[in-house]
Amino acid sequence: MSSSKANIIEKLNHISNDMNEEEIIERLYMLMRLEHSRNRCDEEGVYSDEEVAEHFAVKRKRVTQA
């Protein structure tokens with residue numbers, strides 16, 4: 001079995017049995033996107049709250065000056 005298939009089966013085993021097919025697909029998609037985001041954060045790093053605030057403060061300043 002491929003690792004991708006095993007990964008999906010593992011995720012399916014953690015999903016509630018009372019969901020319909022559409023809810024299961026939505027949940028799988030959400031779990032896969034979260035895993036992708038976590039991996040990307042690990043690889044590329046993250047921004048601190050202060051860095052984000054400074055970035056948008058600079059953008060606001062540019063807009064108000066224009």
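A salt bridge is a side-chain nitrogen of Lys or Arg within 4 Å of a carboxyl oxygen of Asp or Glu. Keep that rule at hand for the tour. This is a predicted model, where local features need pLDDT of at least 70, side-chain atom pairs count only at pLDDT 80 or more, and totals for chains, interfaces and linings use all residues. Residues are numbered from 1 along each chain as its sequence is written, and side-chain values use heavy atoms, leaving out hydrogens and water.

**Whole chain**

Start with a cartoon view. The chain has three helices and zero strands. Helices (H or I, at least four residues) and strands (E, at least two) are DSSP runs, numbered from the N terminus. The radius of gyration is 19 Å, well over the 11 Å that the globule rule gives for 66 residues, so the chain is more spread out than a compact globule. That radius is taken over C-alpha atoms, and the globule rule is 2.2 Å times the number of residues to the power 0.38. Along the principal axes, the C-alpha atoms fill a box of roughly 55 × 25 × 15 Å. Of the 66 residues, 6% count as buried. Buried means under 20% relative accessible area, exposed over 50%, and partly exposed in between (1.4 Å probe, protein chains only).

**First stop: Glu35 and Lys11**

Select both side chains. They form a salt bridge, with the closest N and O atoms 2.4 Å apart. Glu35 lies in helix 2 and Lys11 in helix 1 (residues 3-13), so the pair ties together parts 24 residues apart in sequence. Which of the pair is buried? Lys11 is, because its relative accessible area is 12%. Glu35 counts as partly exposed at 26%.

**Second stop: Glu44 and Arg40**

Move along helix 2 (residues 21-44). The side chains of Glu44 and Arg40 meet in a salt bridge at 3.2 Å, N to O. They are four residues apart in helix 2, so about one helical turn separates them. Glu44 is exposed at 55%. Arg40 is partly exposed at 47%.

**Third stop: two patches**

Switch to a surface view. Patches are made of residues with over 30% relative accessible area and no salt bridge; like charges are joined within 9 Å, nonpolar side chains (Val, Leu, Ile, Met, Phe, Trp, Tyr) within 5 Å. Select Asp18, Glu22, Glu23 and Glu26: they form a negative patch. Glu23 sits in helix 2 and is partly exposed at 36%. Now pick Ile8, Leu12 and Met32, which make a nonpolar patch of about 230 Å². Ile8 belongs to helix 1 and is partly exposed at 34%.

Conventions
Areas by Shrake-Rupley, 256 points an atom, 1.4 Å probe, with all protein chains shown as cover. Lys, Arg positive; Asp, Glu negative; His and termini not counted. Charge placed at Lys NZ, Arg CZ, Asp CG, Glu CD.
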